[in-house]
Amino acid sequence: MALEQLKKLKHQSSGNFFLMAGPCAIESEKSAMDIAERIVTLTDKLKIPYIFKGSYRKANRSRIDSFTGIGDEKALKILEKIGKEFDVPTVSDIHESKEAEMAAAYIDVLQIPAFLCRQTDLLVAAAKTGKVVNIKKGQFLAAESMKFAVDKVRDSGNQQILLTDRGTMFGYQDLIVDYRGIPSMQAFGTPVIMDCTHSLQQPNQSSGVTGGKPELIETIAKAAIAVGADGLFIETHPTPEKALSDGANMLHLDYLELLLEKLIRIREAIK
C-alpha cells in the first residue's frame with residue numbers, strides 16, 4: 001500500500017483515517033509553519049496519520065490577476081522545511097511533466113490535479129520519480145474510469161498510488177459527491193481520499209473568483225468516513241477570509257479539532 005512507503009507518516013497503527021490538510025497555497029514561510037505546527041499538534045494528540053498539504057503554485061486560476069504563488073523554489077523549500085522540522089510527509093500539486101523531478105526533490109507525495117488526471121505524460125513523469133502519486137478524480141469522470149489513470153502509473157513501475165474524489169460536475173456551477181465512487185476506486189487496490197473542501201467549490205462565478213460552501217464540509221467528511229474512506233483532504237486556514245487562494249471553501253482552522261473528534265467517533269462506530 002502507498003501509505004506504507006511514507007516513513008514519516010506517524011500513527012498508522014491507530015486505526016484512524018489519515019489526513020491531508022493545510023492551506024490551499026503556500027503564502028509565506030511563517031503562515032505555513034504556523035498552520036503546520038497547529039495541525040501536527042492536533043493530529044499527534046488524536047493519533048491521526050498526517051500529511052501536510054500546500055500548493056507551491058496554483059496554475060489553474062479563473063483570472064490572470066489571481067494569486068498563483070510566491071515562487072516555485074521558494075515555496076518548495078518551505079515545504080521541505082516543514083517536512084524536516086515537524087517530521088511529517090508533505091504533498092503538493094504538479095502541473096507539467098517537467099515539474100515532477102523538481103518537486104520530488106522537496107516533497108513526499110506528488111499530486112495530480114483533477115483536470116489533469118488523464119494527462120499520460122504527467123502521470124508517467126510523476127510515477128518515474130518513485131514518489132507516492134495522489135491522483136485526483138476528474139470532475140468529468142466516473143470513478144470507474146480512474147482505473148486507467150492508476151494503470152498508467154503502475155505500468156510505469158510505481159505501485160505507490162492514492163486516489164482522491166473531489167466530486168462530479170453537475171450543471172455549470174455545482175458539484176455533487178457520489179459516495180459509491182469510494183468503494184469503486186478502492187477496488188483498484190488503492191487507498192481512497194475524500195476532498196472535503198474542493199467538492200464544495202462553486203466554480204465559474206461571474207466575478208471570476210471561485211465560491212464555496214464551507215458550512216457543508218462536516219457533512220461531506222462525515223459521509224465519507226461512514227462509507228469507509230481511507231483518508232480526508234481538507235484545506236484549512238486561520239483566516240479563510242484573508243487567504244490568497246480558495247478562501248471561500250476552506251475550513252477555519254479553529255474548527256478542525258472538533259470536526260476530527262466527531263469523525264474519529266464515526267470511524268470507531270463502523271469498525
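Just after helix 4, Gly 130 takes a positive phi of about 80°, where helices (H or I, at least four residues) and strands (E, at least two) are DSSP runs numbered from the N terminus. This is a predicted model, in which local features need pLDDT of at least 70 and side-chain atom pairs count only at pLDDT 80 or more, while totals for chains, interfaces and linings use all residues. Residues are numbered from 1 along each chain as its sequence is written, and side-chain values use heavy atoms, with hydrogens and water left out.

Helix 4 itself covers residues 120–128, and its buried residues are Leu 122, Leu 123, Ala 125, Ala 126 and Ala 127; here buried means under 20% relative accessible area, exposed means over 50%, and partly exposed lies in between, with a 1.4 Å probe and protein chains only. These buried residues of helix 4 pack against helix 3 (97–104), strand 4 (109–112), strand 5 and helix 5, a contact being heavy atoms within 4.5 Å.

Strand 5 brings us to a pair of lysines. Lys 136 lies in strand 5, and Lys 136 counts as buried because its relative accessible area is 4%. Leaving aside residues up to four places away in sequence, Lys 136 touches Gln 111, Ile 112, Pro 113, Ala 114, Cys 117, Met 146, Thr 164, Asp 195, His 198 and Phe 233. Between the C-alpha atoms of Lys 136 and Asp 121, which are 15 residues apart along the chain, the separation is 16 Å.

Lys 137 is found in the loop between strand 5 (132–136) and helix 5 (146–155). Lys 137 is buried yet has no salt bridge, and the nearest side chain of opposite charge, that of Asp 165, is 4.2 Å away.

Lys 8 counts as partly exposed because its relative accessibility is 25%, whereas Asp 108, with a relative accessible area of 18%, is buried.

Another salt bridge brings together the side chains of Lys 81 and Glu 29, at 2.5 Å from N to O, and this pair too links distant parts of the chain, since Lys 81 lies in helix 2 (residues 72–86) and Glu 29 in helix 1, 52 residues apart. Lys 81 is partly exposed at 31% relative accessibility, and Glu 29 is partly exposed with a relative accessible area of 37%. Glu 29, Lys 81 and Glu 85 are linked in a network of salt bridges.

An α-helix has 3.6 residues a turn, so residues three or four places apart point the same way.

From charged pairs we turn to nonpolar residues. A nonpolar core is a set of buried Ala, Val, Leu, Ile, Met, Phe, Trp, Tyr and Cys residues joined through side-chain atoms within 4.5 Å. Of the 69 residues in the largest nonpolar core, Phe 52, Ile 135 and Leu 232 touch the most other members, and helix 1 (residues 29–46) gives the most to this core, with 8 residues.Finally, a search of the whole structure finds 1 cavity of 30 Å³ or more, and the largest cavity has a volume of about 50 Å³. On a 1 Å grid over the protein atoms alone, a cavity is a set of points where a 1.4 Å probe fits but cannot get out, and lining residues have an atom within 4 Å of a point; grid points are joined across faces, edges and corners, and a volume is the space filled by probe spheres set on the points. Among the residues that line the largest cavity are Lys 10, His 11, Val 40, Thr 43 and Tyr 50, and helix 1 gives the most to this lining, with 3 residues.

Note on methods: Lys and Arg count as positive and Asp and Glu as negative; His and the chain ends are not counted. A salt bridge is a side-chain nitrogen of Lys or Arg within 4 Å of a carboxyl oxygen of Asp or Glu. On a 1 Å grid over the protein atoms alone, a cavity is a set of points where a 1.4 Å probe fits but cannot get out, and a pocket is an open set with protein on both sides within 12 Å along at least five of seven lines; lining residues have an atom within 4 Å of a point.
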